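Open the model in your viewer and keep the sequence alongside. The walk below goes from salt bridges to ligand to surface.

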Amino acid sequence: MSLPLDLKQAAQQVAQNAYVPYSDFPVGVALRSADGRVFSGCNVENRSYPLGMCGERNAIGAAAAAGVRPGDITELVVYMPGDKLFSPCGGCRQAIAEFMPADGRVWACNDSERLKAWTAAELLPDGFSFDGF
Ligand code: THU
């Protein structure tokens with residue numbers, strides 16, 4: 001599967017609204033729900049540092065607020081300006097595991113051609129679940 005360019009474009013756009021006075025590390029995220037809708041989010045930091053929120057969880061929160069339910073997110077693109085690639089943090093991996101199916105696709109991209117792609121299950125093997133093992 002190749003990078004969904006519409007999601008990359010949406011992620012680049014929303015990264016411009018990232019509020020990152022403390023890290024100077026803007027992140028933009030765009031995702032698609034199973035019914036074809038696109039949602040986006042960026043990181044929003046806080047002067048009380050631990051209260052800052054990642055782009056992934058803000059995008060998933062926007063989708064959830066519009067009615068998207070667990071398992072309903074099919075694709076998610078994380079964009080960071082520049083030429084390094086980063087992967088979602090541990091907390092965001094748990095949120096991704098909740099809202100994407102195990103085979104849902106996650107991409108990291110930047111301003112270069114380099115890409116990294118995972119399934120949701122690859123990002124969080126053996127993640128926490130009430131079902132247990
Ligand atoms: N950040 C994200 O938005 N997503 C991640 O997966 C990793 C980190 C943000 C949090 C903080 O605003 C900045 O990047 C530096 O950690």
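This is a predicted model: local features need pLDDT of at least 70, side-chain atom pairs count only at pLDDT 80 or more; totals for chains, interfaces and linings use all residues.

Residues are numbered from 1 along each chain as its sequence is written, and side-chain values use heavy atoms, with hydrogens and water left out.

Start with the charged pairs. A salt bridge here is a side-chain nitrogen of Lys or Arg within 4 Å of a carboxyl oxygen of Asp or Glu. Searching the whole structure gives three salt bridges. One of them joins the side chains of Arg32 and Asp6, at 2.7 Å from N to O. Arg32 sits in strand β1 and Asp6 in helix α1 (residues 5–15), so this pair ties together parts that are 26 residues apart in sequence. Helices and strands are DSSP runs numbered from the N terminus: helices are H or I with at least four residues, strands are E with at least two.

Arg32 also meets the side chain of Glu75 in a salt bridge, at 2.8 Å from N to O. That pair links distant parts of the chain, with Glu75 in strand β3 and Arg32 in strand β1, 43 residues apart.

Arg32 is buried, because its relative accessible area is 17%. Glu75 is buried too, at 12%. Asp6 counts as partly exposed, at 38%.

Another salt bridge pairs Arg37 with Asp35, whose closest N and O atoms are 3.3 Å apart. Arg37 has a relative accessible area of 33%, so it is partly exposed. Asp35 reaches 54% and counts as exposed.

Now turn to helix α2. An α-helix has 3.6 residues a turn, so residues three or four places apart point the same way. In α2, the buried residues are Gly55, Glu56, Ala59, Ile60, Ala63 and Ala64. Their cover includes β1 (28–33), β2, β3 (73–79) and α3 (90–99). After α2 comes Gly67, with a positive phi near 105°.

Next, the ligand. Which residues surround the ligand? They are Ser23, Phe25, Val27, Asn43, Glu45, Cys54, Gly55, Glu56, Pro88 and Cys89. A residue is near a molecule if one of its heavy atoms lies within 4 Å of it. A polar side-chain atom of Glu56 lies 2.7 Å from a ligand oxygen. A polar backbone atom of Gly55 is 2.9 Å from an oxygen atom of the ligand. For Cys89, a polar backbone atom is 2.9 Å from an oxygen atom of the ligand. Taken alone the ligand exposes 370 Å², and the protein buries 76% of that. Accessible areas come from the Shrake-Rupley method with a 1.4 Å probe; for residues, only the protein chains shown count as cover.

Asn43 belongs to the ligand surroundings and lies in the loop between β2 and α2. Asn43 is buried, because its relative accessible area is 7%. The Asn43 side chain reaches the backbone nitrogen of Val27 at 2.9 Å. Contact means heavy atoms within 4.5 Å. Not counting residues up to four places away in sequence, Asn43 touches Ala18, Tyr19, Val20, Phe25, Pro26, Val27, Met53, Cys54, Gly55 and Asn58.

Gly52 is found in the loop between β2 and α2. Gly52 is partly exposed, at 25% relative accessible area. Leaving out residues up to four places away in sequence, Gly52 touches Val44, Glu45 and Asn46. The C-alpha atoms of Gly52 and Val20 are separated by 9.0 Å, and the two residues are 32 apart along the chain.

Tyr19, Tyr22, Val44 and Tyr49 make a nonpolar surface patch of about 430 Å². Patches are made of residues with over 30% relative accessible area and no salt bridge: like charges are joined within 9 Å, nonpolar side chains (Val, Leu, Ile, Met, Phe, Trp, Tyr) within 5 Å. Tyr49 is placed in the loop between β2 (38–42) and α2 (55–65). With a relative accessible area of 59%, Tyr49 is exposed.

Definitions and conventions: Buried means under 20% relative accessible area, exposed over 50%, partly exposed in between (1.4 Å probe, protein chains only). A polar contact is a pair of N or O atoms within 3.5 Å; within protein, one must be able to donate a hydrogen and the other to accept it, and residues adjacent in sequence count only if both atoms are side-chain atoms.
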